[in-house]
Amino acid sequence: MKLSQIKEQLTQLDRIAFKLPNGDLVPSHFHVTEVGRITKHFIDCGGTVRNEEVANFQLWNADDYDHRIHPEKLLNIIELSEKVLGIEDLEIEVEYQGETIGKFGLEFDGKYFLLTSKQTDCLARDKCGIHTENPKFNLPVVDAEPCCTPDGNCC
């Protein structure tokens, strides 16, 4: 999900709710403690220099049960970050504290913002000798006769 998409959804919501990949909801008294731009400049295992940039939201679950972030408040934070930090219409990555800080993608199902699991991957599969597709094998054609019966042709 990009910033423009979450902004559009926030204008149509009365409340914000985030759901974890396991189906649990982030407690409703969460705070969005950061909205920022994260730039990652790196070299992959094949030697290619890469740049990635995401808009980052950090969700924090505090013991402050009396406050809830409302859609218009989050929308204001996003718009301020766009203006002050020069954040463009980037993909959103969400950080949330579990046993350690987890990084998630973001989708919307019409009711909840879904924190989606992210996976590591090899970006230089061709240089590492990793096949991107499973090899295809030609399997022998088997007769339509029943197999493994006393008069079958398989034994």
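User: Which residues does glutamate 93 touch, not counting residues up to four places away in sequence?
Analyst: This is a predicted model, and in it glutamate 93 lies in strand E4, residues 92-97. Leaving aside residues up to four places away in sequence, the residues that glutamate 93 touches are Val54, Ala55, Asn56, Phe57, Lys103, Phe104 and Lys118.

User: Is glutamate 93 buried or exposed?
Analyst: The relative accessibility of glutamate 93 is 8%. Buried means under 20%. Glutamate 93 therefore counts as buried.

User: Which residues lie nearest the centre of the largest pocket?
Analyst: The largest pocket has a volume of about 540 Å³. Its lining consists of 15 residues. Strand E2 (30-43), strand E3 (49-61) and E4 each supply at least two residues of that lining. Nearest the centre are Lys40, Glu52, Glu93, Lys118 and Gln119.

User: In what order do the elements of the protein run from the N terminus on?
Analyst: The protein has three helices and six strands. Read from the N terminus, the order is α-β-β-β-α-β-β-β-α.

User: What share of the residues in the protein is buried?
Analyst: The protein has 155 residues. A residue is buried when its relative accessible area is under 20%. Buried residues make up 31%.

User: Phenylalanine 18 and phenylalanine 30 have ring centres 5.3 Å apart; what kind of pair do they form?
Analyst: The structure holds three aromatic pairs. In the pair of phenylalanine 18 and phenylalanine 30, the planes stand at 85°. Planes over 60 degrees apart count as edge-to-face. The pair is therefore edge-to-face.

User: How many residues apart in sequence are the parts that the pair of phenylalanine 18 and phenylalanine 30 ties together?
Analyst: Phenylalanine 18 lies in strand E1 (residues 18-19) and phenylalanine 30 in strand E2. Both phenylalanine 18 and phenylalanine 30 are buried. The parts tied together by the pair are apart in sequence by 12 residues.

User: What kind of aromatic pair do phenylalanine 18 and phenylalanine 113 form?
Analyst: Phenylalanine 18 lies in strand E1 and phenylalanine 113 in strand E6 (residues 113-117), so this pair ties together parts that are 95 residues apart in sequence. Both residues are buried. Their rings are 5.5 Å apart, centre to centre, with 35° between the planes, and the pair is tilted.

User: Which residues do ring pairs link into a cluster?
Analyst: Phenylalanine 18 pairs with phenylalanine 30 and with phenylalanine 113. The cluster linked by ring pairs consists of Phe18, Phe30, Phe108 and Phe113.

User: Is aspartate 24 buried, partly exposed or exposed?
Analyst: Aspartate 24 lies in the loop between E1 and E2. Not counting residues up to four places away in sequence, aspartate 24 touches Phe18 and Lys19. With a relative accessibility of 44%, aspartate 24 counts as partly exposed.

User: What distance separates the C-alpha atoms of leucine 74 and leucine 10?
Analyst: Leucine 74 is in helix H2, residues 71-85, and is buried, with a relative accessible area of 0%. Leucine 74 touches several residues, among them Leu10. Leucine 74 and leucine 10 are 64 residues apart along the chain, and their C-alpha atoms are separated by 7.9 Å.

Note on methods: Residues numbered from 1 in each chain as written. Predicted model: local features only at pLDDT ≥ 70, side-chain atom pairs only at ≥ 80, totals over all residues. Heavy atoms only, no water. Helix = DSSP H or I, 4+ residues; strand = E, 2+ residues; numbered from the N terminus. Buried < 20%, exposed > 50% of the residue type's maximum accessible area, 1.4 Å probe, protein only. Contact = heavy atoms within 4.5 Å. 1 Å grid on protein atoms, 1.4 Å probe; cavity = no way out; pocket = protein on both sides within 12 Å on 5 of 7 lines; lining within 4 Å. Points joined across faces, edges and corners; volume = space filled by probe spheres on them. Phe/Tyr/Trp six-rings, centres within 6.5 Å; stacked < 30°, edge-to-face > 60°.
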